[in-house]
Amino acid sequence: MSERTFTIEDLKRILLEGAGAEEGVDLDGDILDTEFEELGYESLALLETGGRIEREYGIALDDDVFTDNRTPRSLVTAINTQLETLVAP
């Protein structure tokens with residue numbers, strides 16, 4: 001299993017660094033099952049977020065990772081699944 005884990009806190013940090021937060025959106029609240037669009041993150045912000053995750057974690061994300069994973073909970077799970085595949089046998 002990978003020693004590195006991607007958490008909701010990592011996602012929040014990367015979202016804020018790359019795109020900031022829309023006024024009135026509290027990323028410290030219960031956002032795990034809220035769709036990114038409702039949080040104010042649209043395609044360009046999510047592309048930036050994906051690029052930052054790829055660079056920081058050394059992974060390549062599929063083009064449809066954000067369309068397939070529309071909530072923070074789902075995205076964190078998908079990224080951790082990909083990180084687990086990096087483990088050498």
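Which residues are buried in α1? In α1, the buried residues are Asp10, Leu11, Lys12, Ile14 and Leu15, where buried means under 20% relative accessible area, exposed over 50% and partly exposed in between, with a 1.4 Å probe and protein chains only.

1. Basis of the notes. This is a predicted model, in which local features need pLDDT of at least 70 and side-chain atom pairs count only at pLDDT 80 or more, while totals for chains, interfaces and linings use all residues. Residues are numbered from 1 along each chain as its sequence is written, and side-chain values use heavy atoms, with hydrogens and water left out.

2. Helix α1. Helices are DSSP runs (H or I, at least four residues), numbered from the N terminus. The twelve residues of α1 should span 16 Å at 1.5 Å a residue, and the end C-alpha atoms are 16 Å apart, which agrees; the expected span is 1.5 Å times one less than the number of residues. The buried residues of α1 pack against α2 and α4, contact being taken as heavy atoms within 4.5 Å. Glu17, also placed in α1, is partly exposed, with a relative accessible area of 45%, and its C-alpha lies 21 Å from that of Ala78, a residue 61 places away in sequence. After α1 comes Gly20, whose phi is positive, near 75°.

3. Helix α2. With 15 residues, α2 (43–57) reaches 21 Å from its first C-alpha to its last, close to the 21 Å expected at 1.5 Å a residue. Its buried residues are Ala45, Leu46, Thr49, Gly50, Gly51, Ile53 and Tyr57, and the buried residues of α2 pack against α1, α3 and α4. Gly58 follows α2 and has a positive phi, near 65°.

4. Helix α4. The 13 residues of α4 reach 18 Å from the first C-alpha to the last, close to the 18 Å expected at 1.5 Å a residue. Pro72, Leu75, Val76, Ile79, Asn80 and Leu83 are the buried residues of α4. Seen down the helix axis, these buried residues fall within an arc of 130°, so they line one face of α4; the arc is that of the directions from the helix axis to the C-beta atoms. The buried residues of α4 pack against α1, α2 and α3.

5. Not counting residues up to four places away in sequence, Ile59 touches Ile53, Glu54, Ile79, Gln82, Leu83 and Leu86. Ile59 and Asp10 are 49 residues apart in sequence and 15 Å apart in space, C-alpha to C-alpha. For Asp62 and Gly50, twelve residues apart along the chain, the C-alpha atoms are separated by 9.4 Å.

6. Thr71 and Asp33. Thr71 sits in the loop between α3 (65–68) and α4 (72–84), and Thr71 is buried, with a relative accessible area of 15%. Leaving aside residues up to four places away in sequence, Thr71 touches Leu32, Asp33, Thr34, Glu35 and Phe36. Asp33 belongs to the loop between α1 and α2 and is exposed, with a relative accessible area of 52%; under that sequence exclusion of up to four places, Asp33 touches Thr71 and Arg73.

7. The largest pocket. The volume of the largest pocket is about 380 Å³, a volume being the space filled by probe spheres set on grid points that are joined across faces, edges and corners. A pocket is an open set of points on a 1 Å grid over the protein atoms alone, where a 1.4 Å probe fits, with protein on both sides within 12 Å along at least five of seven lines, and lining residues have an atom within 4 Å of a point. The largest pocket is lined by 19 residues, of which Ser43, Leu46, Leu47, Phe66 and Thr67 lie nearest its centre. α2 gives the most to this lining, with six residues, and α2 and α3 each supply at least two. The lining residues divide into seven nonpolar, four polar and eight charged, with Ala, Val, Leu, Ile, Met, Phe, Trp, Tyr, Cys and Pro counted as nonpolar, Asp, Glu, Lys and Arg as charged, and the others, Gly among them, as polar.
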